[in-house]
Amino acid sequence: MRISFLAIGAGLVLASLPTASDAQRADSDIFPRSIALQQEGQAAQEAGNLDLAIDFYESALAADPRNRSAIIALAQVARAQGLPGKAIGLYRDALVLEPNDIVALTGQGEALVEKGALEKARERLAEAQRVCVDKCPQVAALEKAINSNAEKRVVAAEAIV
């Protein structure tokens, strides 16, 4: 009897895993319920209720784990809460779904700057510049963040000497 419960449990786990067709769905094929929840999260975020926004974004991801916009929104909330390390991981999750997402690339770069990881931030900048051949505002913002942080470090080093 114990073996059959294990087999049923394993079957439930396998049934819940995304299929190849799920993994290849386009952004435009995100489940409508997930999009609606994400929009509720955006409204809560704009109203300044970050905890409620997180709840909606997480619900959006439960409805459809491929909702990259909800992942990016969670990363932006994490940055707003002063949690750049968490944001970096969330942006990484978004980049797994779409490696050329300019918002995720530059957002991760800015979070890396906040953590003081300027070399990795410069790597993200180079990737973003490769993806966005025209001047994108996100790339310019990342460049500015890197340069500003580098200048602060120089001033701080000079103050020590």
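Reader: Where is Gln-108 found?

Author: Gln-108 sits in helix 7, which covers residues 102-115. Keep in mind that this is a predicted model.

Reader: Why is Gln-108 called buried?

Author: Its relative accessibility is 4%. Buried means under 20%. So Gln-108 counts as buried.

Reader: Which residues is Gln-108 in contact with, leaving aside its neighbours within four places in sequence?

Author: Ile-88, Tyr-91, Arg-92, Leu-95 and Arg-124. The side chain of Gln-108 also reaches the backbone oxygen of Ile-88, at 3.1 Å. A polar contact needs N or O atoms within 3.5 Å.

Reader: How many helices and strands does the chain have?

Author: Nine helices and zero strands. Along the sequence, the pattern reads α-α-α-α-α-α-α-α-α. Of the 161 residues in the chain, 34% are buried.

Reader: What makes helix 5 and helix 7 roughly parallel?

Author: Their packing angle is about 20°. Angles under 35 degrees count as roughly parallel. Helix 5 and helix 7 are therefore roughly parallel to each other. Their axes lie 11 Å apart, and the crossing is left-handed.

Reader: Which residues make the contact between helix 5 and helix 7?

Author: Helix 5 gives Ile-72, Gln-76 and Arg-79. Helix 7 gives Val-103, Ala-104, Gly-107, Glu-110, Ala-111 and Glu-114.

Reader: What is the packing angle of helix 4 and helix 5?

Author: About 155°, with the axes 9 Å apart. An angle over 145 counts as roughly antiparallel. That makes helix 4 roughly antiparallel to helix 5. Helix 4 spans residues 50-63, and helix 5 spans residues 68-80. The crossing of this pair is left-handed.

Reader: Which residues meet there, between helix 4 and helix 5?

Author: From helix 4 come Leu-50, Ile-54, Tyr-57, Glu-58, Ala-60 and Leu-61. They meet Ala-70, Ile-71, Ala-73, Leu-74, Val-77 and Ala-80 of helix 5.

Reader: Where does Asp-101 lie?

Author: In the loop between helix 6 (84-97) and helix 7.

Reader: Why does Asp-101 count as buried?

Author: Asp-101 has 10% relative accessibility. The cut-off for buried is under 20%. Asp-101 therefore counts as buried.

Reader: What does the side chain of Asp-101 reach?

Author: The backbone nitrogen of Val-103, at 2.9 Å. Leaving aside neighbours within four places in sequence, Asp-101 is in contact with Arg-68, Ile-72 and Leu-95.

Reader: How many residues apart along the chain are Asp-101 and Cys-132?

Author: They are 31 residues apart, and their C-alpha atoms are separated by 9.7 Å.

Reader: How do you know that Cys-132 and Cys-136 form a disulfide?

Author: Their sulfur atoms are 1.4 Å apart. A disulfide is a pair of cysteine sulfur atoms within 2.5 Å, so this pair qualifies. The structure holds one disulfide. Such a link is a covalent bond between two sulfur atoms.

Reader: Why is the disulfide of Cys-132 and Cys-136 called right-handed?

Author: The torsion about its S-S bond is about 80°, so the disulfide is right-handed.

Reader: Are Cys-132 and Cys-136 buried or exposed?

Author: Cys-132 has a relative accessibility of 11% and counts as buried. Cys-136 is buried too, at 15%. Buried means under 20%, whereas exposed means over 50%.

Methods:
Residues are numbered from 1 along each chain as its sequence is written. This is a predicted model: local features need pLDDT of at least 70, side-chain atom pairs count only at pLDDT 80 or more; totals for chains, interfaces and linings use all residues. Side-chain values use heavy atoms; hydrogens and water are left out. Buried means under 20% relative accessible area, exposed over 50%, partly exposed in between (1.4 Å probe, protein chains only). Helices (H or I, at least four residues) and strands (E, at least two) are DSSP runs, numbered from the N terminus. A polar contact is a pair of N or O atoms within 3.5 Å; within protein, one must be able to donate a hydrogen and the other to accept it, and residues adjacent in sequence count only if both atoms are side-chain atoms. Contact means heavy atoms within 4.5 Å. Axes are lines fitted to C-alpha atoms, for helices over the stretch in contact, and angles run from 0 to 180 degrees between N-to-C directions. Angles under 35 degrees count as roughly parallel, over 145 as roughly antiparallel, 65 to 115 as roughly perpendicular and the rest as oblique. A crossing is left-handed if the near helix is turned anticlockwise from the far one by less than a right angle, and right-handed if clockwise.
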